[in-house]
Amino acid sequence: RAIPMADKDTVTRDYMSDNATFADLFNFYIYGGQRVIIPEKLRPLDTAEIAVPYSDEHLVAIQKLRDVMKLYAAMTDDRATYLLLGVENQSELHYAMPVRNGLYDMIEYTKQVEFTAREHRKNKDRPETNAEFLSGFYHTDRLHPVITLVLYFGADEWSAPRSIHEMLYTNDEAILRFVPDYRINLVAPAEIGDEHFEQFHTELRELLKFIKYSRDKEKLEDVIRSDDTFRHISRKTADVINTVTGSDLHYETGKDEVDMCKAIEDIRNDSIAIGEAR
């Protein structure tokens, strides 16, 4: 059955808002599963990205809504470094994702520049040069890194563009050398090798593994039967699986855990019963 896009967006956004799950995704992608990003140090941020692009004549406000955005304080070289981490959940392919994510990131950097300029004015910091005066951003100022990660909830491989260069009409290398590229950071279940699922430490592992094999029913049953963790899945993870894959799983209400083995078996038995009735 078709699942309304709004339902998918709601359940995936809620699921990825959990600090442990959010940290697990970034630790998998950036650190190969090492638990470097600590969930307790993540702080939620306003997901509305608002910026006023620089213009001498007109000021046009741009607002974009991210799915999940968090601030992380990391220690590097005995100094606190703040990272701005964003997740964009995709239930379907998006053929302009590089442009969309690039805009999100540039808006965030613009906000940082504007904030820094306001702080200089508030503190009455005197610029040393005309360049500092004009930009409001001094030569000693720095930006906090922004990392946006796309989490694809589809069972197929991501066949949409992954970079700005892939979206251009030209592939002339002489021209492309002067066109700044932007590549998306992407996690797609179909592209995760079976051995790499062990790098997850939350039920994101079971969720993405289920999605990967959701179109191959025999393989899916084999995977679930051979993995005992699927016998004790939280109701929240089971609901996300049901929504994004449209599996029509049936399980008891009022219980915190779901036995996915039994849920899959019940689907098969229902199909057999329907076939016999016909």
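Leu208 touches Leu151, Val187, Pro189, Ile192, Phe197 and Phe200, leaving aside residues up to four places away in sequence. This is a predicted model. Leu208 belongs to the largest nonpolar core, which has 45 residues. Met16, Leu208, Phe210 and Met260 have the most contacts inside that core. A second, separate core has 10 residues, including Val150, Ala160, Leu186 and Ala188.

Now the strands. Strand β6 spans residues 146-152, and six of its seven residues are buried. Strand β7 covers residues 185-187 and runs parallel to β6, with three bridges joining the two. Leu149 stands opposite Asn185 in β7.

Turn to the charged side chains. The structure holds 17 salt bridges. One of them pairs Arg13 with Asp67, with the closest N and O atoms 3.6 Å apart. Arg13 lies in helix α1 and Asp67 in the loop between β3 and β4, so this pair ties together parts that are 54 residues apart in sequence. Arg13 counts as partly exposed because its relative accessibility is 32%. Asp67, at 12%, counts as buried.

Other pairs sit within one helix. Lys111 forms a salt bridge with Glu108. They are three residues apart in helix α3, so about one helical turn separates them. Lys111 is partly exposed at 26% relative accessibility, whereas Glu108 is buried at 7%.

In helix α9, Arg235 and Asp239 are four residues apart, again about one helical turn. Their side chains meet in a salt bridge of 3.2 Å, N to O. Arg235 is partly exposed, with a relative accessible area of 24%; Asp239 is partly exposed, with 30%. Elsewhere, salt bridges that share partners join Glu198, Arg205, Glu206, Lys209 and Asp227 into one network.

Methods: Residues are numbered from 1 along each chain as its sequence is written. This is a predicted model: local features need pLDDT of at least 70, side-chain atom pairs count only at pLDDT 80 or more; totals for chains, interfaces and linings use all residues. Side-chain values use heavy atoms; hydrogens and water are left out. Buried means under 20% relative accessible area, exposed over 50%, partly exposed in between (1.4 Å probe, protein chains only). Two strands pair if DSSP finds at least two bridges between them. A nonpolar core is a set of buried Ala, Val, Leu, Ile, Met, Phe, Trp, Tyr and Cys residues joined through side-chain atoms within 4.5 Å. Contact means heavy atoms within 4.5 Å. A salt bridge is a side-chain nitrogen of Lys or Arg within 4 Å of a carboxyl oxygen of Asp or Glu.
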